[in-house]
Amino acid sequence: MLARDRKSQGVGPRTVSSSVRPATDATRVPDDASLLKMLYYMKLTRALETRIERKLYRQGKIVGGVYVGRGQEAISVGAAMHMRRGGGEDHDDIVSPSHRDMAVFLMQGVPPEKILAQYMGRKTGLTRGRDGNMHMGDLRHRLIAFVSHLGDSIPVAAGCALTFRMHGTDQVSFCFFGEGATSRGDWHEGLNFAAVLQLPVVFICNNNQYAYSTHVSRQMKVERVSDRARGYGMPGESKDGNDVLVVYDAIGRAVERARHGEGPTLLEFLTFRMTGHSAHDDAGYVPKVLFAEWERKDPIRRCEDDLKGRRLLDAGAVQAMESRIEGELDEAVAWAEAQPYPSPEECLTGVYHEQA
Amino acid sequence: MALTTYVEAIKQGIWEEMERDERVFILGEDVGVYGGAFKVTEGMLDRFGEMRVIDTPISESAIVGAAIGAALMGMRPIAEMQFIDFISCAFDQITNFAAKNRYRWGAGVPMVIRGPSGGGVHGGPYHSQNPEMYFVHTPGLKVVAPATAYDAKGLIKAAIRDEDPVIYLEHKYLYRRIKEEIPKEDYIVPIGQAAVRREGRDLTILTYGAMLYQALEAAETLAREQGIQTEVVDLRSLLPLDKDAILKAAKKTGKVLVVHEDTRTGGIAGEIAAIINEEVFEYLDGPVLRVTAPDTPVPYSPPLEDFFLPNKEKILKAARQLAAY
Amino acid sequence: MRVDVIMPQMGESIAEGTLTRWLKKSGDKVARDEPIFEISTDKVDAEIPSPAAGTLAEIKVQEGQTVPINTVVAQIETEAGAVAAAGKTAPPARAEATPAPAPARQAAATSTSPGDGKERSARPAPAPPSPVYAAPPAGAWNVPKAAALIGTGATVEDLRRVRSSPVVRKIAQEHNIDISRIPGTGVSGRVTKNDILKTIERGGLERGATATAPGASRAPAPVFAPGERVTVVPMSAMRRKIAEHMVMSRRTSAHVTTVFEVDMSRVMKLRAEHQQAFPERHGVKLTPTPFMVKAAVEALKAFPDLNAAIDGDTIVFKKDINIGIAVALDWGLIVPVVKHADDLSLSGIAKTVTDLAERARSKRLTPDEVQGGTFTITNPGSFGSLFGTPIINQPQVAILGVGAIQKRVVVVDDAIAIRPMVYLALSFDQRLIDGAVADQFVAHIQATLQEGKFTEIV
């Protein structure tokens with residue numbers, strides 16, 4: 001079944017450039033439709049997470065934890081623009097999102113109502129009630145479910161990329177994490193492994209400066225997460241994570257490297273978590289001034305202004321987009337709330353493969 | 001027919017599965033150029049190439065994590081732990097990612113994690129461990145521990161073809177000490193089935209791995225010297241346990257001795273005793289007894305390790321006590 | 001050809017025996033060595049195996065009859081080849097022993113057993129039954145409180161014997177069998193699965209098979225005819241003999257009883273220390289019994305007057321020290337003898353006592369094993385008695401009664417201490433033994449026990 005082109009030279013050591021590309025401003029700008037799409041998904045993401053965090057959670061309709069990526073939407077949107085999909089197993093990329101990358105789910109084709117059902121613990125959620133919130137995945141959407149043990153996805157994403165190399169395809173493995181996860185051993189093992197085997201992985205760090213209450217300065221001694229790339233012999237860059245065009249551009253170049261067999265890239269996107277760690281955290285440990293400062297850098301407003309500047313839309317169009325989103329979400333919430341819970345005895349099923 | 005060693009049987013099983021199924025590949029430390037610390041993968045690099053016989057950095061967590069990723073992408077990885085002791089480095093990947101994937105979001109992780117376990121070779125605390133129970137306690141995993149060359153081959157093939165993650169424990173003491181004729185034809189030993197190695201009516205010994213041979217020798221002595229007929233059951237799989245076989249053997253004799261090389265507290269013997277107690281209490285004609293290693297790390301020096309390991313004499317003592325009960 | 005089946009002489013002093021039950025009917029096929037009837041004598045109750053294979057041709061002695069030894073009780077018609085084939089024939093189902101018909105009450109007083117050990121001057125006097133205070137089913141001294149389980153007050157040994165194991169209990173319930181009536185071959189006389197299955201194979205226990213609670217009297221309750229205030233039943237052979245010989249001993253000896261108190265701390269400590277290893281090594285539980293026997297043996301060595309008998313005007317000193325141990329049975333009492341106890345180690349004594357007690361209960365004692373005693377130990381303490389005044393087992397001159405071992409408050413070095421204490425009551429024949437000698441003898445036992453001088457234990 002795997003009669004594939006074996007053009008690859010194998011997984012042995014290769015000569016890898018250790019040069020680190022300098023940070024650059026966005027040099028490639030997507031077409032107009034793509035620009036509008038990015039704005040739409042950033043807005044949908046924020047609206048969906050706001051519903052979840054500010055409405056449903058407070059109504060008691062979501063019983064577990066809620067972790068949102070408010071203020072960080074540009075990173076997952078800009079990255080997801082490069083994810084290849086709809087072409088089958090030997091064509092589509094694979095994604096390992098972390099817990100503040102909601103846009104990836106939406107852009108990979110998971111409808112909002114399924115996400116809401118997941119949050120509500122319903123039978124029709126992505127995990128059928130077995131796991132909650134962002135702990136969801138679906139291989140049909142090329143999404144690998146993340147686990148709470150941050151950093152565990154790194155070697156897994158490398159393993160997906162290993163498969164692509166073995167098959168000799170130009171598929172790419174996208175791997176998301178926060179700056180906190182970079183302190184974990186699995187993160188280091190995974191990056192080293194991917195670098196040594198020259199695997200097509202794009203490592204995407206969502207540096208929102210706080211891991212729960214811990215500031216990034218207590219997470220690492222190097223100035224930038226991307227500084228660590230040199231330690232693994234892979235290129236590393238740090239970029240403005242609140243500029244979706246910059247994200248789009250940087251990811252695009254890393255993806256290109258990966259597709260061309262040049263191995264992994266570590267990209268760090270600087271951003272800010274505009275909430276607490278979770279819906280139950282008021283983030284009192286974060287200086288208020290920082291919220292104000294980063295509010296001015298809000299990625300959605302910047303994108304909107306940019307698109308207005310390009311005359312791709314006006315205030316009316318923005319309003320239309322927003323009401324369309326609200327309408328979609330109204331329907332999605334109604335659908336999710338009508339979904340059944342799993343039956344209690346379903347607890348016992350699905351631990352192992354079951355014959356159909 | 002030539003005799004096949006236990007280690008050769010494992011190698012044959014992997015080799016044949018790699019020939020049979022392109023999705024099967026092996027990754028681990030020193031598995032390629034060197035052919036594995038115990039030569040299980042010797043010759044495979046030449047035959048299958050570096051795409052399918054992959055030398056990795058010393059990163060057990062990355063080895064297992066990468067195997068998980070590959071399995072999710074449709075492959076059938078075999079991750080080698082150079083010594084099974086090092087599996088602890090990958091504990092998180094195994095127990096939180098591999099084991100729970102299917103249950104959480106329906107994505108099966110068909111993969112094998114295998115490596116040399118067990119003592120008796122003066123390997124000391126870090127080259128002699130029996131880590132099975134960490135994983136037997138993790139729903140979503142399967143754990144097997146073959147004792148014969150036939151089973152070593154049949155179980156590695158079954159493990160590779162299984163749709164779920166399987167921990168395959170090779171007893172290094174048996175690698176080159178056990179040899180037997182095994183069929184040329186393709187066969188598997190189904191996971192979750194125990195095997196009766198000796199029939200008896202007076203007493204049942206349940207065991208697995210290298211302890212099987214100690215138990216069989218003890219059974220022989222009991223029969224010769226006292227006419228005590230001992231049933232010896234080789235569990236082969238620890239998760240899932242062959243409950244039917246355990247209960248059948250317990251009912252048959254009413255007296256059960258569980259023997260394992262693993263340490264005592266939290267060993268599988270306790271679980272087996274509980275199962276027997278819950279399900280066939282009325283058939284018992286004596287307490288379920290255990291012969292196990294004591295609750296210590298595996299010591300290095302020969303007198304210490306000899307004291308640590310269960311053996312025929314320790315089994316005899318317990319068996320006699322139980323037979324006389 | 002016809003082979004005679006006779007009333008055996010179950011003991012050299014035995015003159016007669018009662019045939020209590022036929023296990024075969026006239027015309028039944030019998031295999032060689034297959035039990036065909038049961039007898040009750042002064043010494044033992046026993047199953048008697050067929051001397052040959054063939055057909056039980058004629059029964060000459062009916063159940064309940066008492067006949068002299070060597071009386072032909074039946075004849076077996078043998079067939080050509082029957083002897084050789086006998087081993088292959090499965091024994092037909094038959095009933096297991098039942099208790100003697102008379103109620104076997106606990107003896108209220110001690111008893112004696114004349115006639116034993118008369119090696120040099122055997123008299124054809126009617127042989128008396130064995131004594132004494134009943135021993136518990138486990139046949140050993142117990143420390144009930146220390147080993148109490150599940151609030152029953154029963155020891156582990158008791159529970160092993162009576163509760164046996166889950167499978168045995170289940171089988172017993174299904175077949176309505178009283179586990180306590182089956183001879184056990186497991187630890188502490190525990191009835192194993194094999195034991196009960198064999199019993200069922202042989203046809204089970206016929207009567208009195210309903211389970212009894214541990215410790216309850218196993219004697220059948222007297223049946224009163226309507227309107228009657230009393231009911232009269234004949235004494236069993238054993239009961240008759242006991243009655244005769246208790247009185248005979250009282251009449252014969254000048255009984256005096258002396259009582260000592262002994263601190264058992266060291267013994268109990270030794271026992272606790274070896275409680276685990278001892279059974280593993282020797283296959284029997286370590287009880288206080290062997291300590292008592294050992295201490296008595298040492299004292300008998302020091303005071304040979306106590307290891308003697310009176311024969312008319314002569315004193316018969318005994319070289320061998322053979323200790324009789326009183327064992328209670330459902331159907332009476334018996335005193336098997338630990339022969340050459342002075343040659344036995346503590347573990348040897350423990351094994352012998354356990355073995356004798358178990359076989360006494362399963363009617364498998366040989367006649368030789370209930371005679372030749374030179375001194376007797378009885379254990380009223382097993383039922384909680386502090387001490388009794390035992391009656392001498394004739395023709396011996398002393399008997400030691402051991403009371404219950406209990407923790408008591410005692411004064412040690414002018415301080416109040418809690419110690420496991422026991423009363424030792426020695427009844428002696430003052431015709432031969434002076435009070436001073438008797439007291440020194442018991443003091444010797446006391447010292448041995450208190451000092452815990454038992455060098456060889458395991």
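**Reading helix packing, cores and a chain contact**

Modeller: Helix α5 of chain A passes helix α6 of chain A in a left-handed crossing, meaning that the near helix is turned anticlockwise from the far one by less than a right angle. This is a predicted model, in which local features need pLDDT of at least 70, side-chain atom pairs count only at pLDDT 80 or more, and totals for chains, interfaces and linings use all residues. Residues are numbered from 1 along each chain as its sequence is written, with chains lettered from A and ligands numbered from 1 in the order in which they are written.

Colleague: At what angle do α5(A) and α6(A) pack, and how far apart are their axes?

Modeller: Two packed helices are described by the angle between their axes and the distance between the axes. Here α5(A), residues 153-167, and α6(A), residues 185-196, pack at about 20° with axes 7 Å apart. The two are therefore roughly parallel, a label for angles under 35 degrees. Helices are DSSP runs (H or I, at least four residues), numbered from the N terminus.

Colleague: Which residues of α5(A) make the contact?

Modeller: Two residues are in contact if their C-beta atoms, placed from the backbone, lie within 7 Å. From α5(A) come Ile154(A), Pro155(A), Ala158(A) and Ala161(A); the α6(A) side includes Trp187(A), Gly190(A) and Phe193(A). By class, this contact has eight nonpolar, one polar and two charged residues. Ala, Val, Leu, Ile, Met, Phe, Trp, Tyr, Cys and Pro count as nonpolar, Asp, Glu, Lys and Arg as charged, and the others, Gly among them, as polar.

Colleague: Which residues have the most contacts inside the largest nonpolar core?

Modeller: A nonpolar core is a set of buried Ala, Val, Leu, Ile, Met, Phe, Trp, Tyr and Cys residues joined through C-beta atoms within 7 Å. A residue is buried if 20 or more other C-beta atoms lie within 10 Å of its own. The largest core has 216 residues, and Ala158(A), Val202(A) and Ala319(B) have the most contacts inside it. Helix α8 of chain A, residues 244-259, contributes its largest share, 10 residues. Ala158(A) touches residues of chain B too, among them Ala62(B) and Gly69(B).

Colleague: Is Ala80(A) buried or exposed?

Modeller: Ala80(A) counts as buried because it has 26 C-beta neighbours inside 10 Å. It is found in helix α2 of chain A, residues 73-80. Its C-alpha atom is separated by 5.7 Å from that of Val104(A), 24 residues apart along the chain.

Colleague: How many residues of chain C are in contact with chain B?

Modeller: 12 residues of chain C are in contact with 10 of chain B. Helix α4 of chain C, residues 166-174, gives the most to the chain C side, with four residues.

Methods. Buried ≥ 20, exposed ≤ 12 C-beta atoms within 10 Å, placed from the backbone. Axes fitted to C-alpha atoms, helices over the stretch in contact; angles between N-to-C directions. Parallel < 35°, antiparallel > 145°, perpendicular 65-115°, else oblique. Lists of a residue's contacts leave out its neighbours within four places in sequence.
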